[in-house]
Amino acid sequence: MVLQRNKKVSFLVVLLAISVATINCQTFDVTKYGAKPNGQIDQALADAWKEACAAPSKATIVVPKGTYNLNKAFFLGPCKSPVVFQMDGILMAPSAAKGFKDGEGWVTFEKLQHLTITGTGTFDGNGGQSWGKKCKRTDYCEQLPINIRLNFITDSVIEGITTKDSKQFHFTVLEGENLLFTNLKIIAPEESWTTDGIHLGRSTNITITDTTIATGDDCISIGDGTKQLKITKVTCGPGHGISVGSLGKYQNELPVEDITVTDCTFKGTSNGVRIKTWQGSTDGVAKGMHFEKLTMDNVETPIIIDQKYCPWGACTQFEGKPSKIKVSDVVFKDIKGTSSTPKVLYLVCGAYPCEGIQLNNIDLKTTGSKIKGPAKSVCTNVKPEMSGTVNLPPCTTDDSA
């Protein structure tokens, strides 16, 4: 316990150190490199980054107020000193996505330590012309760019900024460690597809807090290898809720464990908190997840474990083959509010029974025009342990609508 406490204290010290400006901080204003409002900023950003990354002491890149057009930006480290990206303007992406490879970012930060992305500005992905036109709902749309990619970033803070109308995911985090996301606004219309707010994979010790996410897909999606993730004080909606997964689509996925979601509100989402694994998956592990103090406001299905995940018939070749992701030690506690469909609880487990599933103080009622029958709790290959006051219908194996 002492070692764990010291680790947390050290992380807080690091975050405080990189968030507080120093007297000798060097400033690199992109307007000094030729950037002008309503003009292209690509070269100015590249030139400012090159000098800031090579600076011998803490450096701040400033994008002042105004709208700047950006085709693509790639900020590669390591840098000699901590770098602050002070974003107070608007970076505007082209309406058409051209020249992007699968999974590529519109703005990418890579191999950096002690990075701070801050400010009152907006990364505007200008995605309106891409949703539903460049790809169908059954496709993943790999060649549409992600608004902000964070690859191999450690000991860093992302705060205050807005990301808007991404063509694909808003943030993706790959192999990040010791990251804080706070006071963010992540916005896209409900009809936008594959516009997850924050997607994490193979990352450790991540905190997401005091953030508003309104989008057309998962507010936060948690991929394989994610550990020690804390999500708190997030408002989600519209969107697909906060999801662990989907898991099991690829070979050699790493375990997901030690996930905490607390003090969050879901408004008009299709799901609340969800664990989803693909049919026909190979063996894997998802364990040690805690969902507590959550408010559901007109959410279609508030609590979900779905090990028959197969959206839009995309895995018909695996139909009837159970998921082999082992789900265990999951706590749902102090969850209240309303469901807009009869399925207030949906726990459908795969090849292995879900174990250690706890329901404690759950109060969910059905409401709204979509209610066409009595409320139901679906429980398959799982025996949830119930304690406290649990206001839910008795479990049934009837999976029909």
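**Exercise 1. In which loop is histidine 240 found?** Then work out what surrounds this residue.

*Solution.* Keep in mind as you start that the model is predicted.
- Step 1: Find the strands on either side. Histidine 240 is in the loop between β18 (227-236) and β19 (242-247).
- Step 2: Check the record. The unreviewed UniProt entry places the feature "active site" at His240.
- Step 3: List the neighbours. Leaving aside residues up to four places away in sequence, histidine 240 touches Gly216, Asp217, Asp218, Ser270, Asn271 and Arg274.
- Step 4: Look at one of these neighbours, glycine 216. Its backbone oxygen is reached by the side chain of histidine 240 at 3.4 Å.

**Exercise 2. Follow aspartate 218, a neighbour of histidine 240, to its salt-bridge partner lysine 276.**

*Solution.* 
- Step 1: Take the distance. The side chains of aspartate 218 and lysine 276 form a salt bridge with N and O 3.1 Å apart.
- Step 2: Aspartate 218 sits in the loop between β16 (204-214) and β17 (220-222), and lysine 276 in strand β21 (residues 271-278), so the bridge ties together parts 58 residues apart in sequence.
- Step 3: Ask about burial. Both aspartate 218 and lysine 276 are buried.

**Exercise 3. Is glutamate 292 buried or exposed?** Compare the answer with its partner, lysine 333.

*Solution.* 
- Step 1: Confirm the pair. Glutamate 292 and lysine 333 meet through their side chains in a salt bridge of 4.0 Å, N to O.
- Step 2: Locate the two residues. Glutamate 292 belongs to strand β22 (residues 284-299) and lysine 333 to strand β24 (residues 325-339), so this pair links distant parts of the chain, 41 residues apart.
- Step 3: Apply the cut-off: buried means under 20% relative accessible area. Glutamate 292 has 16% relative accessibility, so this residue counts as buried.
- Step 4: Turn to lysine 333. With a relative accessible area of 27%, lysine 333 is partly exposed.

**Exercise 4. Which residues does threonine 172 touch?**

*Solution.* 
- Step 1: Threonine 172 is in strand β12 (residues 171-174).
- Step 2: Check its accessibility. Threonine 172 has a relative accessible area of 4% and is therefore buried.
- Step 3: Name the contacts. Beyond residues up to four places away in sequence, threonine 172 touches Ile146, Ile148, Arg149, Leu150 and His199.
- Step 4: Move on to phenylalanine 109. Among its contacts are Ile148, Arg149 and Leu150.
- Step 5: Link to the core. Phe109 is one of the residues with the most contacts inside the largest nonpolar core, which has 92 residues.

Definitions and conventions
Residues are numbered from 1 along each chain as its sequence is written. This is a predicted model: local features need pLDDT of at least 70, side-chain atom pairs count only at pLDDT 80 or more; totals for chains, interfaces and linings use all residues. Side-chain values use heavy atoms; hydrogens and water are left out. Helices (H or I, at least four residues) and strands (E, at least two) are DSSP runs, numbered from the N terminus. Buried means under 20% relative accessible area, exposed over 50%, partly exposed in between (1.4 Å probe, protein chains only). Contact means heavy atoms within 4.5 Å. A nonpolar core is a set of buried Ala, Val, Leu, Ile, Met, Phe, Trp, Tyr and Cys residues joined through side-chain atoms within 4.5 Å. UniProt positions are given in the numbering used here, feature names are shortened, and annotations may be inferred rather than shown by experiment. A polar contact is a pair of N or O atoms within 3.5 Å; within protein, one must be able to donate a hydrogen and the other to accept it, and residues adjacent in sequence count only if both atoms are side-chain atoms.
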